[in-house]
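Please open the model in your viewer and keep the selection panel at hand.

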Amino acid sequence: MTGAALPLRSLRAAPRSPPADVSRLLWTAGIVAGASLPQCLKLAIWIPGLLAAAIAWRLAAAMHGWRLPRRWLRLGLAFAVFCAVLAQFGTINGVEAGSALLVVMMALKFLESQNQRDQLVLIMISYFVMFASLLTERSPFAVGYLLAMVWIATVGLLQLGRHGPLLTARATAALAGRLLLQALPIMLLLFVLFPRLPGPLWGVPSSPSSATSGLSDSMSPGDITNLGLSDEVAFRVEFGSRTPDPSQLYWRGPALSRFDGKTWTVSQGIRLGQNVAETIEHRGEPFEYRMMLEPNGRNWAFALEMPASWSGPRNLVMNSDYQLGLFYGAPRVSRLDYRATSYATYSAREPLTESQRVAFRRLPPDSSPRTRALVASWLDDDPTPSAIIERGMDYLRAQEFFYTLTPPPLGEQPVDEFLFETREGFCEHYASAFAVMMRAAGLPARVVLGYQGGELNRLSRYYIVRQADAHAWTEVWLEDRGWLRVDPVSAVAPGRVSLSSWRTSFDFGRGGRAQTTLAGANWLREAALLWDAANYYWNAWVIGYGPDVQRALLDLLGFEASRTERASILLILVVAVTLATSLALSVYLAWRYRPRAGADPAARCFAAFCRRLRRRNVPPRAPSEGPAAYAARAATTLPHAAAEIKAVVESYLRARYEPDADRSALAELRARIAAFRPA
Amino acid sequence: VSGAVAHRLERWAAGWARRRQGPDALAVVLRRRRIYILPTPFGAAFGTMVFAMLLGSLNYGASLGFALTFLLGGLGLVAMHHCHNNLLGLKLRFAGAAPVFAGDSVVFRIAAGNESSSPRYDIELNFGRHGAAPIDVAPGGTAAAQLLVPTQRRGWVVLDRFAVSTRYPGRLFRAWTWVHMDARCLVYPQPARPGRPLPSSSGSDGTGKPDSGDADFAGLRSAAPGDPPQRIAWKAYARTELLLLKQFAGGDAEPCMVDWDALPELAPEARLSQLARWCLDAAEGSRAFGLRLPGCSLPIAQGPRHLAECLERLALFEVASQ
């Protein structure tokens with residue numbers, strides 16, 4: 001009975017195409033793999049291996065009709081990989097472990113995915129994996145790649161979210177691109193306006209495996225070190241209206257005041273406090289600048305000597321060694337961005353306590369006997385501190401001292417050996433030796449680490465300070481002046497201090513001649529500067545867009561307000577802007593989707609044809625008149641063109657109403673209309 | 001429990017929409033004021049993910065994290081507008097439904113016309129639990145959705161309220177509207193099993209010679225619902241894809257009367273089923289027949305129109321007119 005009762009149409013319907021399982025799975029696989037690629041490059045090899053295996057197995061299962069793994073097997077696998085991640089990272093907290101967990105769970109989800117819901121969930125996880133990558137990836141290349149992947153994932157979202165058969169990849173890609181382009185204004189406005197917080201909501205876990213580079217917190221002249229020999233960028237600085245001389249570019253880092261005869265280490269009993277900077281008297285004109293510090297694996301920050309004020313994270317403070325740093329937090333693994341004001345002329349003369357006085361003059365009793373003897377002879381001549389400093393500098397100048405990056409190794413009494421035998425060294429040797437001479441003379445002295453100089457990017461007016469610009473100098477305490485910076489290297493290799501840039505290319509060899517080894521063509525150098533400038537602006541305005549820049553922007557727009565007021569202004573703006581863009585979008589889409597006569601291309605062509613007939617005195621087509629009836633009527637008016645009119649109408653009916661009409665039918669209609677030229 | 005609550009909520013909302021929108025004609029244009037939109041569960045999950053991304057970005061102060069968060073948030077907003085516009089301005093028209101016998105499924109054809117120059121994707125139709133396969137409507141084109149509704153009883157099946165919805169793009173949102181058009185389809189009584197011979201009009205023994213395969217082949221005609229499958233010309237179907245019925249010139253084509261009173265031993269519905277069977281048998285045998293029901297009768301005649309009229313009388317026998 002059912003056979004007879006089935007309607008004719010359903011019996012005649014074309015057989016449905018086979019389920020597009022494999023093509024949907026392929027879409028999902030491509031997106032999952034592409035989205036996790038940046039993570040996979042960084043994670044231990046077993047994680048991408050697991051993902052690849054899961055994808056390969058699942059695709060093979062779809063093609064061969066294998067059974068999917070049973071529930072207990074899936075649960076067991078999930079537990080196993082969870083334990084593996086925990087074993088590898090020791091935690092599931094933090095960006096790295098979290099990303100690893102996300103990727104392995106994505107692999108397992110892919111393994112068991114069987115319906116549309118699973119595939120959509122996988123697309124969503126892919127978005128989140130890309131988000132996790134963006135927490136650590138900063139390079140424009142990586143970001144460009146991820147942006148392309150977001151697009152592809154959106155194509156997948158549209159394809160896999162479809163109920164009916166998949167559309168062509170091209171049409172869907174265009175549609176996804178349109179959706180993303182329409183989302184772009186919203187993104188830009190929210191990016192600029194959404195209130196940024198100066199600190200984290202919860203702890204930012206440090207990542208133990210993050211590479212550290214940069215200055216170390218101790219210094220042993222005589223041991224060959226690779227300190228500061230790399231071209232890696234330490235930080236970039238953009239000055240405001242005034243720029244200091246190259247010889248004033250001392251970027252202050254930690255002070256080393258404990259000396260055991262060979263090694264200098266950081267001071268003990270460093271105090272923290274907001275008021276340290278207030279004990280320094282600043283004179284002259286201030287230099288205002290914005291610092292963009294690359295991660296250095298420590299909580300140190302650097303500032304032009306001598307900083308007076310700064311803004312940035314709340315825990316950016318100055319310690320009693322006049323060093324800036326995030327001393328209340330874990331070592332910093334991300335970029336630090338802050339503004340500061342410094343004065344080149346200052347006096348830091350907070351009186352020393354008695355214990356400090358002792359500590360800053362301490363020398364191990366049996367160290368450097370020859371240096372002590374030398375200094376004792378100077379003291380006999382003139383015991384005034386300034387005279388001692390002058391004698392020390394004269395000694396380095398007068399003797400045959402050479403500045404070199406490859407000094408010979410030193411033995412048990414490094415300072416004596418350096419001062420009296422090898423006389424070759426770089427900044428560390430000089431700073432250490434000079435501090436020892438001053439201490440031998442009874443003057444409080446210490447070594448300061450930091451950077452000196454920097455390369456001016458002429459294309460965009462900011463300085464790049466590299467690890468190769470790392471430097472060490474000496475500070476001596478004078479009763480009437482406080483801490484005084486003395487850079488003994490300036491006595492030996494003045495070029496090191498005033499030329500400053502491309503230090504690695506200069507090696508002040510014997511005789512103090514600067515041997516330039518500048519290699520490479522000029523244009524290469526220009527290109528490198530241009531690339532660095534692009535990087536700089538990317539970092540300054542996109543990566544570094546934070547509460548400070550936001551406040552500067554608001555000030556510029558005329559909203560001067562306190563922090564909480566600013567947040568509420570911004571939130572109101574966010575809501576207003578979202579509503580406004582939403583409204584604009586709604587109007588735009590209503591226009592795009594408006595009803596149009598002749599939305600069908602064939603109908604449009606035929607309407608044009610009717611207009612042409614009308615010019616030949618065929619009365620216009622009535623709304624109720626079918627195309628065939630109209631054609632018959634037109635043929636009576638234009639009898640000699642009857643055959644052509646009939647042909648056009650036939651093509652039109654075919655192009656418009658045939659269920660399997662394609663582009664060729666439309667092309668034929670166009671061709672016939674174009675060829676229609678009645679006499 | 002939540003399912004029951006959702007069901008009651010939906011019924012309440014549907015009732016509210018019906019009062020608000022009023023009844024629709026057989027052709028209706030979906031205007032802005034009657035299109036409703038809510039996030040799907042997947043859309044809610046997507047929103048939660050974007051919120052989690054926002055918290056993560058705030059915590060890590062990650063600018064690029066913010067960028068992706070806002071891009072995806074914007075994508076959600078844009079998808080909402082596209083989802084809404086996917087229905088907006090769609091022209092729905094009831095394109096007919098062929099009568100069926102009780103127990104079979106009615107196919108309601110609803111044509112959707114798109115007068116804009118943007119394609120409409122994944123338009124779904126739902127009537128209670130019954131859904132149509134989603135359709136795409138090309139710019140300036142029309143596509144018909146086929147809504148299959150199973151039947152149990154004879155009478156009218158009224159498509160009193162169906163939902164037109166879409167979850168395109170990306171299944172983040174579901175935009176829908178309820179349509180209350182008077183789309184109806186007749187359901188004939190389920191024919192009884194063949195076997196009981198046709199009564200003869202002359203009131204003789206009632207064992208009028210039934211049509212049999214040994215009668216002369218007389219030709220083919222279009223098959224109609226209710227025709228016995230064993231008489232379909234399947235070879236012709238394979239050739240032409242047209243369902244044709246083999247007709248035979250029976251020897252005794254004397255007219256007969258299909259009479260309610262001839263079956264006093266059967267319950268009313270069973271009686272109607274048997275009468276329907278007789279009507280079909282008579283039409284199949286190309287015999288002229290009449291129908292007599294309490295309160296109405298149709299004169300003896302022949303042909304598909306007559307058959308349809310008789311079946312309609314049977315379908316609507318003592319059915320309160322709606």
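How many residues does the contact take from chain B and from chain A? The contact, meaning heavy atoms within 4.5 Å, takes 69 residues from chain B and 73 residues from chain A. The model is predicted: local features need pLDDT of at least 70, side-chain atom pairs count only at pLDDT 80 or more, and totals for chains, interfaces and linings use all residues. Residues are numbered from 1 along each chain as its sequence is written, chains are lettered from A and ligands numbered from 1 in the order in which they are written, and side-chain values use heavy atoms, with hydrogens and water left out.

**The interface**

Select both chains. Together they bury about 6400 Å², 71% of it on carbon and sulfur atoms; buried area is the accessible area (1.4 Å probe) that two parts lose on being put together, summed over both. Two salt bridges cross the interface of chain B and chain A, a salt bridge being a side-chain nitrogen of Lys or Arg within 4 Å of a carboxyl oxygen of Asp or Glu.

On the chain B side, at least two residues each come from α2 (41-60), α3 (63-87), β5 (105-113) and β6 (120-127). The largest share of that side, 18 residues, is supplied by α3(B). Helices (H or I, at least four residues) and strands (E, at least two) are DSSP runs, numbered from the N terminus.

**R162(A)**

Next, select R162(A), D122(B) and D136(B). R162(A) forms a salt bridge with D122(B) at 3.9 Å, N to O, and another with D136(B), where the closest N and O atoms are 2.6 Å apart. R162(A) lies in the loop between α8 (140-160) and α9 (169-193) of chain A, and D136(B) in strand β8 (residues 135-137) of chain B, so this pair joins two chains.

Is R162(A) buried or exposed? R162(A) is buried, at 1% relative accessible area, whereas D136(B) is partly exposed at 31%. Buried means under 20%, exposed over 50%, and partly exposed in between (1.4 Å probe, protein chains only).

**Within chain A**

Move to helix α6 (residues 95-112), which holds both E112(A) and K109(A), three residues apart, about one turn of the helix. Their side chains meet in a salt bridge (3.2 Å, N to O), and K109(A) is buried, with a relative accessible area of 16%.

Then select R252(A), E305(A), D321(A), R446(A), E475(A) and R485(A): salt bridges that share partners join these residues into one network.

Finally, display chain A as a whole. Its secondary structure comprises 23 helices and 19 strands, and 47% of its 679 residues count as buried.
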